[in-house]
Amino acid sequence: MVIDIHSHPVLLDEINGNMEDFEFRRKEFGVFKSGITPLDFELTLLKDAKIDKVVFLPEDYSTEIGRPIVSNDEMAQIVAKSPEHFIGFAGVDPRREDAEEELIRAFDELKLAGLKLNLSRLHMYPDNDCLAPLYKICQDKNKPIMFHAGYSWEPNTPAKFSEPIRFEDVAVEYPDLRFCLAHMGWPWWQETIMMLMKYPNVYADTSMVYMDSPKNYYEHLFSVNMNLNWLQNCFQDKVMFGSNTPRFRHVRSLAGIKNLPLREDVMDAILGGNAVRFLGMED
């Protein structure tokens with residue numbers, strides 16, 4: 001099974017019924033030159049890339065900008081269109097008075113699969129007190145968290161809030177909480193590797209093409225910045241394929257990963273096996 005663990009639904013026509021909604025999402029998410037994507041075309045792209053499932057990640061900064069970029073109800077609406085292909089995460093602004101109730105509703109009523117948080121956009125460190133109730137809910141309900149980590153293209157996102165080492169206290173205090181440091185925490189990829197090797201509950205994804213093409217970028221990071229055998233032998237069970245669509249198309253990112261000369265078992269783990277475990281889908 002091939003799973004894209006990191007994609008964003010901000011451009012899908014299913015939730016962009018008018019240009020006002022679309023322009024709001026494009027501005028707040030920072031995709032200024034992109035157009036609306038028909039949901040049927042998204043399914044065609046997945047089929048063309050031979051990707052079985054994609055995880056869609058919403059974002060909620062409603063206390064700051066008035067509404068979520070993608071709400072939990074909109075995410076459930078998207079997933080309902082093709083539940084065999086789409087997995088939806090929840091987004092909750094921890095500054096909301098009803099943050100805990102909304103997260104519980106997203107899991108219990110809307111059946112969303114995890115929580116997405118971009119602390120750089122929230123301007124808070126991982127040990128902020130208002131995040132603790134959300135961490136506990138996710139741990140108690142066996143739901144993973146996708147943390148943005150490192151550099152972000154989104155507006156108003158200081159990277160200091162998402163440096164990988166800052167998540168170490170979360171890994172220690174919530175040992176049963178699985179979480180992913182997205183984008184390999186670039187440019188702090190060495191800190192990310194340390195976190196992957198030291199803490200069983202920490203994962204990372206490959207949604208981090210910032211220069212050049214996916215093929216050249218992945219080759220440089222995994223074969224030049226580090227030794228490819230580090231990935232194959234030291235944290236092969238912790239890295240998951242993610243494209244960061246719509247910034248990069250699924251098929252281009254997938255081709256970049258498949259270009260790496262990895263053992264078959266490691267490639268299978270990165271393309272889907274690790275995500276199955278991270279998402280709690282073993283059963």
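Before the first helix pair, a definition: helix axes are lines fitted to C-alpha atoms over the stretch in contact, and angles run from 0 to 180 degrees between N-to-C directions. What we have here is a predicted model, in which local features need pLDDT of at least 70 and side-chain atom pairs count only at pLDDT 80 or more, while totals for chains, interfaces and linings use all residues. Residues are numbered from 1 along each chain as its sequence is written, and side-chain values use heavy atoms, with hydrogens and water left out.

With that in place, helix α2 (residues 39-49) and helix α12 (residues 250-258) pack at an angle of about 20°, their axes being 9 Å apart. That makes α2 roughly parallel to α12, the term covering angles under 35 degrees. On the α2 side, Glu42, Leu45, Leu46, Asp48 and Ala49 meet His250, Val251 and Leu254 of α12, where contact means heavy atoms within 4.5 Å. The residues of this contact divide into 5 nonpolar, 1 polar and 2 charged.

Turning to helix α7 (residues 132-140), which of its residues are buried, that is, under 20% relative accessible area with a 1.4 Å probe and protein chains only? They are Leu134, Tyr135, Ile137 and Cys138, and they lie on the same side of α7 because they cover an arc of only 160° around the axis. These buried residues pack against α5, β5, α6, β6 and α8, and just after the helix Asn142 takes a positive phi of about 60°.

Finally, Lys238 sits in the loop between α11 and β9, and at 6% relative accessibility Lys238 counts as buried. Beyond its neighbours within four places in sequence, Lys238 is in contact with several residues, among them Tyr199, Tyr203 and Asn274.

Conventions: Buried < 20%, exposed > 50% of the residue type's maximum accessible area, 1.4 Å probe, protein only. Helix = DSSP H or I, 4+ residues; strand = E, 2+ residues; numbered from the N terminus. Arc of directions from axis to C-beta. Parallel < 35°, antiparallel > 145°, perpendicular 65-115°, else oblique. Nonpolar A, V, L, I, M, F, W, Y, C, P; charged D, E, K, R; others polar.
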